[in-house]
Amino acid sequence: MLSVDIQKRLGDFQLQARFETGDSPLALLGASGCGKSVTLRCIAGILRPDQGKIVLNGRTLFDSARHIDLPPQRRKVGYLFQQYALFPNMTVRQNIAVAAEKGRRAERAAELLRRFHLEDVAEHRPRQISGGQQQRTALARILASEPEAILLDEPLSALDLYLRRQLEEELRCALDAFCAPSVWVTHDQGEACRSCRQVCIMESGTASGVRSMEDLFADPISVSAARLSGCENLVGAVPRGTEVQIPLWGISLRCAAPAAQETTALGLRMQHLRLSREGMENAFACRVVQSAPEAFSDLLTLRPLSAAPEGPMLHMEAEKGLLSAGDLLWVSIAPEHVLTLR
Ligand SMILES: Nc1ncnc2c1ncn2[C@@H]1O[C@H](COP(=O)(O)OP(=O)(O)OP(=O)(O)O)[C@@H](O)[C@H]1O
């Protein structure tokens, strides 16, 4: 169990992170600059929080009140950076071995080279191997140090899409086998969703609480969480019992349950929007403003017919070639998919 409750000021930036995670990977999801890396650096011991406490499996790594601040090498926390930070003058084997306990280095390196399919490049230097091999070497080096927690800071951001998917899968397997706390920092909701069952949302320096990934998608609660969870359509709204008015679109939509008084916006996910007919529940007329071709579908930009000029556009996917700019259509969404947000 990793428990974090810290505060840190850096210039104008104020971090306040509070969360706990057990033995399955936790996604720390947030927009660029919100404080994800600062949080990881505080856990790893590279940055010193101003206040608070960090406890890993009952061991206090940091406690401002008790003046405890273990140095990074005594924390038993592995940190996988965006750039893998391998030693350029060492071979792959040496990079891994150097992290292992003295006396067991050769044996641990051989075992990890085998496990991460790096035997063929064991005597190569980092610049002579691919991005994927570098990532595996970095992960093997972290595991060689026998950490009690692993922190991953956008571990796939430097890779192309194909390699990214492949390595994402490999990382997922490695973390499942690791069976100890791990925190995976990303701003990619797809990556977070595929790799972690739990998520902690970070917004402008504040992270509080862990939710299940399904919960985040089914009920993001806040506008920023909806955005981070990939919701494409967000629009201001006023709650009216089980209906919500959307003044900027001049329509109302029915929800599955009464909307909370604090509701200020609605989220409509593209995949929940349907081509519909006049008179169907939650159907409203739209004009196609633009149809942009994607690989296997068209991305439609729509303007609801009764929308105010400053109202946001609506985005949805449609079958290729079905609709083009100027067409009129009816769109609907099931009440249970209308996301009420604060
Ligand atoms: N050493 C530092 N001194 C001053 N400000 C810093 C320092 N390190 C980070 N910051 C500021 O702290 C804020 C959070 O930075 P952080 O790197 O944690 O963001 P992030 O969420 O990881 O972003 P990204 O997804 O772009 O990597 C930023 O506003 C950044 O400018």
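Figure 1. Leucine 40 touches Tyr79, Leu151, Leu152, Asp153, Val183 and Val185, with residues up to four places away in sequence left out; contact means heavy atoms within 4.5 Å. The structure is a predicted model, in which local features need pLDDT of at least 70 and side-chain atom pairs count only at pLDDT 80 or more, while totals for chains, interfaces and linings use all residues. Residues are numbered from 1 along each chain as its sequence is written, and side-chain values use heavy atoms, with hydrogens and water left out. Leucine 40 lies in helix 1. Helices (H or I, at least four residues) and strands (E, at least two) are DSSP runs, numbered from the N terminus. The relative accessible area of leucine 40 is 0%, so this residue is buried. Buried means under 20% relative accessible area, exposed over 50%, and partly exposed in between (1.4 Å probe, protein chains only).

Figure 2. Helix 1 is largely enclosed by the rest of the structure, because seven of its nine residues are buried. These buried residues are Lys36, Val38, Thr39, Leu40, Cys42, Ile43 and Ala44.

**Figure 3. The shell around the ligand.** Of the 14 residues around the ligand, the ones that come nearest are Ser32, Gly33, Lys36, Ser37 and Val38; a residue is near a molecule or strand if one of its heavy atoms lies within 4 Å of it. Helix 1 (residues 36–44) gives the most to this shell, with four residues. An oxygen atom of the ligand lies 2.6 Å from a polar side-chain atom of serine 32. For glycine 33, a polar backbone atom is 2.8 Å from an oxygen atom of the ligand. In serine 37, an N or O atom of the side chain is 2.8 Å from a ligand oxygen atom. Taken alone, the ligand exposes 640 Å², and the protein buries 62% of that. Accessible areas come from the Shrake-Rupley method with a 1.4 Å probe; for residues, only the protein chains shown count as cover.

**Figure 4. Serine 229 and its polar contacts.** Serine 229 is found in the loop between helix 9 (223–228) and strand 13 (233–236). Serine 229 counts as buried because its relative accessibility is 2%. Its side chain reaches the backbone oxygen of alanine 226 at 2.9 Å. The side chains of serine 229 and arginine 269 are joined by a polar contact of 2.9 Å. A polar contact is a pair of N or O atoms within 3.5 Å; within protein, one must be able to donate a hydrogen and the other to accept it, and residues adjacent in sequence count only if both atoms are side-chain atoms. Not counting residues up to four places away in sequence, serine 229 touches Gln189, Leu216, Phe217, Pro220 and Arg269.

**Figure 5. Two loop residues with positive phi.** Lysine 76 has a positive phi of about 60 degrees although it is not a glycine. The loop that holds lysine 76 runs between helix 2 (72–75) and strand 7 (77–80). With a relative accessible area of 42%, lysine 76 is partly exposed. Histidine 117, also a residue other than glycine, has a positive phi near 50 degrees. Its loop lies between helix 4 (105–115) and helix 5 (131–144). At 61% relative accessibility, histidine 117 counts as exposed.

**Figure 6. Glycine 131 in helix 5.** Glycine 131 lies in helix 5 and is partly exposed, with a relative accessible area of 27%. Leaving aside neighbours within four places in sequence, glycine 131 is in contact with Tyr84, Leu159 and Leu163. The C-alpha atoms of glycine 131 and leucine 167 are separated by 9.8 Å, and the two residues are 36 residues apart along the chain.

**Figure 7. The whole protein, for reference.** The protein has nine helices and 23 strands. Its C-alpha atoms fill a box of roughly 75 × 50 × 35 Å, taken along the principal axes. Of the 342 residues in the protein, 47% are buried.
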